[in-house]
Amino acid sequence: MDLFDESGLKNLASRAPLAERLRPTTLDEVVGQPHLTGNGGPLRSVVERGRIGVVVLWGPPGTGKTTLARVLANTVEEEFVPLSAVTSGVKDLRAALDGARGRLKYEGRGTLVFVDEVHRFNKNQQDALLPALEEGLVDFIGATTENPSFEVTAPLLSRSRVLRLRSLTEEDLSLLLDKGAGELGIGVSAEAREYLLRLAGGDGRRMLNALEVASAGTKRVEVADVERAIGQRALRYGREEHYDVISAFIKSVRGGDPDAALH
């Protein structure tokens with residue numbers, strides 16, 4: 001790699017989304033999922049063994065499935081080959097497997113094939129993986145937001161270790177928010193912080209994206225900045241708003257308007 005290439009990569013990294021810039025490189029840096037990454041956890045055991053095998057990561061969006069796959073590949077020093085089940089076909093998969101065979105033969109280096117949204121792979125695509133998994137040519141991680149028992153074929157599922165990821169807790173999200181604010185060099189008001197944590201719904205990527213957009217042109221993010229970033233007003237329900245909301249609710253019920261009452 002020449003100096004121009006290195007400079008280009010640095011420029012590209014600086015333009016990457018905040019969530020990408022904060023992506024951890026070791027298990028110890030991963031926020032959330034302690035049942036998987038902590039001492040005695042299955043992913044910690046994988047790292048200690050030095051071989052990933054066949055794993056399906058099942059969990060909600062923004063909980064770290066892709067991050068964990070990248071971290072594992074980096075930790076066991078394997079080539080990370082990402083594929084999207086939405087855009088990749090059998091031809092792309094076979095090309096990835098051919099590359100893995102050549103890499104193992106000429107470099108002595110293993111390959112981790114990562115398939116995002118693996119539940120969107122059809123039966124032929126999933127079956128095309130089986131011989132490579134049988135002979136141990138590649139390690140494999142599939143990520144899915146759907147129950148793999150219904151969406152992943154039985155032959156692939158029988159070879160896989162299914163690990164379930166949980167939505168990020170408020171403590172996890174708060175830690176991510178601090179990291180994001182530090183990376184952006186901004187402050188966040190207490191009210192905006194509370195709104196961002198509530199808005200995230202356990203999805204760290206969603207929160208960081210909202211924070212990054214809200215921070216444009218300001219050194220201190222307020223609720224109004226977040227509202228502008230996501231295109232909707234915050235629903236406030238503090239002490240001051242309590243009686244206004246109750247009054248509106250009672251009037252809606254009295255007026256026989258079920259939609260307004262539910263709102």
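Glu 77 sits in the loop between α5 (65-75) and β2 (79-84). The model is predicted. Although Glu 77 is not a glycine, its phi is positive, at about 60 degrees. Its relative accessibility is 61%. Glu 77 therefore counts as exposed, because the cut-off for that class is over 50%.

Gln 33 also has a positive phi, near 60 degrees, and is a residue other than glycine. Gln 33 belongs to the loop between α2 (18-21) and α3 (34-37). The relative accessible area of Gln 33 is 3%. Gln 33 is therefore buried, since buried means under 20% relative accessible area. Thus Glu 77, with a positive phi of about 60 degrees, is exposed, whereas Gln 33, with a positive phi near 60 degrees, is buried.

Gln 125 was examined for its setting and contacts. Gln 125 is part of helix α7, which spans residues 123-134. The relative accessibility of Gln 125 is 8%, so this residue counts as buried. The side chain of Gln 125 makes an approach to the backbone of Asn 122. There, the backbone nitrogen of Asn 122 is reached at 2.8 Å. Residues up to four places away in sequence set aside, Gln 125 touches Ser 88, Gly 89 and Val 90, as well as Leu 93 and Arg 120. Gln 125 in helix α7 is thus a buried residue whose side chain reaches a backbone nitrogen, that of Asn 122.

Technical notes: Residues numbered from 1 in each chain as written. Predicted model: local features only at pLDDT ≥ 70, side-chain atom pairs only at ≥ 80, totals over all residues. Heavy atoms only, no water. Helix = DSSP H or I, 4+ residues; strand = E, 2+ residues; numbered from the N terminus. Buried < 20%, exposed > 50% of the residue type's maximum accessible area, 1.4 Å probe, protein only. Polar contact = N/O pair within 3.5 Å; in protein donor to acceptor, adjacent residues only side chain to side chain. Contact = heavy atoms within 4.5 Å.
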